[in-house]
Amino acid sequence: MTYTLTTPLYYVNDKPHLGSAYTTLACDALARFQRLKGEEVLFITGCDEHGQKIQRTAEAAGLTPQAHCDGVSAQYRELWDRWQISNNRLIRTTDPRHRQVVQQFFARVEASGDIVEGRQQGWYCVACEEFKDDPHEAQDPECPIHRKPLEWRDELNLFFRLSRYQEQIEALISQPGFIQPVSRRREVENFVKQGLRDFSISRINLPWGIPVPGHEGHTFYVWFDALLGYITALLEEGDAADLDTAISRGWPASVHVIGKDILRFHAVYWPAMLLSAGLSLPAKVFGHGFLTREGQKMGKSLGNVLDPADLLERCGRDAVRWYLLRDIPFGEDGDFQQQRFSDLVNNDLANTIGNLLNRTSSMARRWFDEAVPPADQARTSTHPLAQAAAQAKDASLAALENLEFRSAAEAALQLAISANGYLNDQAPWSLMKKEGTREQVANDLYAVLEAARLVALLMAPLLPDLSGRMLHQLGQPIPDSNATAQVSSAWLEQLSWGGLQSGAPLPEPSPVMARLELEDPL
Ligand code: MSP
């Protein structure tokens, strides 16, 4: 079965910021992990291009909506390329095939008797593209997320009969594992408990959208259209625009990874729409937290947005990936602090991991003919570093399976810390000066090099670049976790202790991770 995972489809109202890069980086780590395990992966990302927000942004910029969307979606594409994101698809909801998939899906929902006409009155946030729960008599209500005034709407729309799915949605969200992390489940349960109300799925007088077949003047509500992007994205290049074909290419999704602000759409509305169309449901919805900066939510109005392209330019892929994946528990809010950022990168990557490899490899080369030293007792599974490595492997695999990137990073780092500790305790540089200790030194250096090899492999899904440089330094093959990788579980096999061959040449060492020296604020 295909492992299909998705990022949200990002609004193209503005260029990408670090919030969107954050979700995409995490999904990239997950996609790489699944590929390394030998799964066939379909990693989907994309752009959400219809609706009032986009239409207004384009108008303000004096562009047609299509020209505006072409420009911003190209920026997303470039950014993901520069970050070497291993997505298999980048779907744009203005793709002509998408229009047909949405219309076919709608026909099924309508045939199920789930479309009715109704009057939609309420307070709307254009930035969220969502009706809010504020009472009708509210005076000048604001969106709590965007701090912008809500707009009063009173329209005749088409409604989806969400209320018919109350019991099925209750059963679905009570399934352990459907909504993750568990802390987010309660929020959705409370919402569902209040009783699900039908929601409008069309707009009138909004030309920038997909026309609703058979309902003159209506275009689809942007969320109805966007969620279906996950399905259109499954189509392969030569495929016709056909819903069943798309489904056969990798539905249901194994996980939708999203920000906590759009959990309701993914855990309630979307499954009900799928049930109505007779399609199977995604296995998991993971709602991560928000990134803040020095304690404040990152946002344009506060002027504290971090530009992911800029950050990449100044700090490099490894540094930013490490900070975001290693410091912030995925699921909780996380604060970007510059000092902590450079401290972690320098301590963990440059010192603990980089120096470990560099100094061990230098000693091995100097004393053992530029090659991996001979070893016997260091190869056994009872060696203390073999045991530390086995623990790190178990912890890391379990963590990645559950999208606990921080624990996975910590497991790899812990192995490097143990290896450094072992090296310092054994002090081969002193032993080497004594008589009859050559064998011990050879075993010690072997064990530490072997631990470094496993650190590098455990880093492969998280920091593929650094992992590759470490493995190169060890003269080892680099596992392929890219979008085009052949399905293979070689990585899992390589994760066993004792893989380094004594006598294999060790390339001349050069630092695998440069220190981050940030003089100016980011
Ligand atoms: N277009 C919809 C999603 C449709 S999915 C079928 C949308 N787009 S968005 O661009 O506004 O947001 C995409 C994701 O980025 C959201 O999940 C949101 O939580 C996330 N982030 C936006 N700002 C963020 C931070 N500051 N931190 C972390 N993620 C944040 O919603």
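This is a predicted model: local features need pLDDT of at least 70, side-chain atom pairs count only at pLDDT 80 or more; totals for chains, interfaces and linings use all residues.
Modeller: Residues are numbered from 1 along each chain as its sequence is written, and side-chain values use heavy atoms, with hydrogens and water left out.

Biologist: Why is Lys393 called partly exposed?

Modeller: Buried means under 20% relative accessible area and exposed over 50%, with partly exposed in between (1.4 Å probe, protein chains only). Lys393 has a relative accessible area of 22%, and is therefore partly exposed.

Biologist: Where is Lys393 found, and in which helix?

Modeller: Lys393 belongs to helix 14 (residues 384–401); helices (H or I, at least four residues) and strands (E, at least two) are DSSP runs, numbered from the N terminus.

Biologist: Which residues is Lys393 in contact with, leaving aside its neighbours within four places in sequence?

Modeller: Contact means heavy atoms within 4.5 Å. With those neighbours left aside, Lys393 is in contact with Leu458, Leu492 and Leu495.

Biologist: What makes strand 4 and strand 6 a pair?

Modeller: Two strands pair if DSSP finds at least two bridges between them. Strand 4 (residues 115–125) and strand 6 (residues 151–160) have 10 bridges, in the antiparallel sense; Gly118 stands opposite Asn157 in strand 6.

Biologist: How many bridges join strand 6 and strand 8?

Modeller: Strand 6 and strand 8 (residues 199–200) are paired over two bridges, also antiparallel. Ser200 in strand 8 is the bridge partner of Phe159.

Biologist: Which residues are closest to the ligand?

Modeller: A residue is near a molecule if one of its heavy atoms lies within 4 Å of it. In all, 20 residues surround the ligand, and the closest are Leu9, Asp48, Gly259, Asp261 and Leu291.

Biologist: What distance separates Asp261 from an oxygen atom of the ligand?

Modeller: A polar contact is a pair of N or O atoms within 3.5 Å. For Asp261, an N or O atom of the side chain is 2.6 Å from a ligand oxygen atom. A backbone N or O atom of Leu291 lies 2.8 Å from a nitrogen atom of the ligand.

Biologist: How much of the ligand does the protein bury?

Modeller: Taken alone, the ligand exposes 660 Å², and the protein buries 92% of that (Shrake-Rupley method, 1.4 Å probe).

Biologist: Which element gives the largest share of the shell around the ligand?

Modeller: Strand 1 gives the largest share, four residues.

How values were computed:
A polar contact is a pair of N or O atoms within 3.5 Å; within protein, one must be able to donate a hydrogen and the other to accept it, and residues adjacent in sequence count only if both atoms are side-chain atoms.
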